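Please look over the sequence and the structure before reading on.

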Amino acid sequence: MKFAFHFFEKLSSTNDKAIDAEPWNVVAAEFQTRGRGRFKRPWSSGKGGAWFSIVLPLPENPAEMTFLAGLSVYNVLLRYGAHVSIKWPNDIVHGDSKVCGILTENFYGKRQKSIVGIGLNVNNVLPPSLKNKAISLKSILKKETPVKKAILDIVKEFNRQYTVYRREGFFPILKRWKSGCCTLGRNISIASLQGRFSGKAIDVNEHCHLMVKLPSGKVHELIEGDIYTVS
Ligand code: BT5
């Protein structure tokens, strides 16, 4: 598919601007005044970062788009020489620090679409409050990367993965995603809407849900949540 790009200097959130756009458009901003993460959490979006949203047709399971985007960012960052991995469900991390987060929002009805918002810390300065949990590509690579180039490279890679997805379905994407995922095989603690609990992350199923083996031996299928690695 051919994507059209729309670059803005300032937006409240690229995901909000993208609501008016048709599929196959990409909306980007140099900075966002009200960037957000999941559950309306604030997302630090100063100048120097890659803040953009890819508008897509609504798939049956929109979580697949988060995985496609995560895999694309992961592949591009590896190519740039950054040592990163994918953290379930929507992060790219360097060690324990988040370098990229993805927010997929879906719209149903007449103008149905999926908006995949990608926030990648490129050269931006992060606030002290995120010091221990966030990192920029600049800090990882010890050099600046042009932001526009990063956006174009990621969308190009997304397009490649989307072609595979259309031709062969989600399975090959999931397989590649899992091989880059650092959550699997780890002992984790989970904060989800269902409460806090611990277990071992053993798999991600075809619905993109995390399979967690509980201390009782029972396997829990986790749909959403924040993961903290214990070991
Ligand atoms: C996410 O949420 O990770 C999704 C972030 C998506 C941001 C993009 S930017 C383009 C598009 N437009 C938007 O308005 N949003 C999308 P979540 O997993 O809920 O993580 C949010 C948490 O990450 C916050 O509570 C902070 O702890 C932390 N955080 C905030 N800003 C960050 C940053 N720049 N880098 C790393 N972590 C950050």
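## The interface between the domains

Eight residue pairs, both members at pLDDT 80 or more, are in polar contact across the interface of domain 1 and domain 2. A polar contact is a pair of N or O atoms within 3.5 Å; within protein, one must be able to donate a hydrogen and the other to accept it, and residues adjacent in sequence count only if both atoms are side-chain atoms. On the side of domain 1 that touches domain 2, helix 2 (63-79) and helix 5 (171-179) each supply at least two residues. Helices (H or I, at least four residues) and strands (E, at least two) are DSSP runs, numbered from the N terminus.

The model is predicted: local features need pLDDT of at least 70, side-chain atom pairs count only at pLDDT 80 or more, and totals for chains, interfaces and linings use all residues. Residues are numbered from 1 along each chain as its sequence is written, and side-chain values use heavy atoms, with hydrogens and water left out.

Domain 1 covers 4-179 and domain 2 covers 187-229, with bounds from an automatic or database domain assignment. Their centres, taken over C-alpha atoms, are 23 Å apart. In all, 14 residues of domain 1 are in contact with 15 residues of domain 2, where contact means heavy atoms within 4.5 Å.

The two domains bury about 1,100 Å² between them, and carbon and sulfur atoms give 59% of this area. Buried area is the accessible area (1.4 Å probe) that two parts lose on being put together, summed over both. Phe39, Trp88 and Lys178 supply 48% of the area that domain 1 buries against domain 2, more than any other three residues.

## Salt bridges

A search of the whole structure finds 14 salt bridges, each a side-chain nitrogen of Lys or Arg within 4 Å of a carboxyl oxygen of Asp or Glu. Three salt bridges cross the interface of domain 1 and domain 2. The side chains of Arg38 and Asp226 form a salt bridge, with 2.6 Å from N to O.

## The ligand

How many residues surround the ligand? There are 27, and the closest are Ser13, Arg36, Arg41, Lys98 and Asn121; a residue counts if one of its heavy atoms lies within 4 Å of the ligand.

| Ligand atom | Residue and part | Distance |
|---|---|---|
| Nitrogen | Thr14, side-chain N or O atom | 3.2 Å |
| Oxygen | Arg38, polar backbone atom | 2.9 Å |
| Oxygen | Arg41, side-chain N or O atom | 2.6 Å |

## Backbone features

The peptide bond from Trp88 to Pro89 is cis, with omega near -5 degrees. Pro89 lies in the loop between strand 4 (85-87) and strand 5 (91-94).
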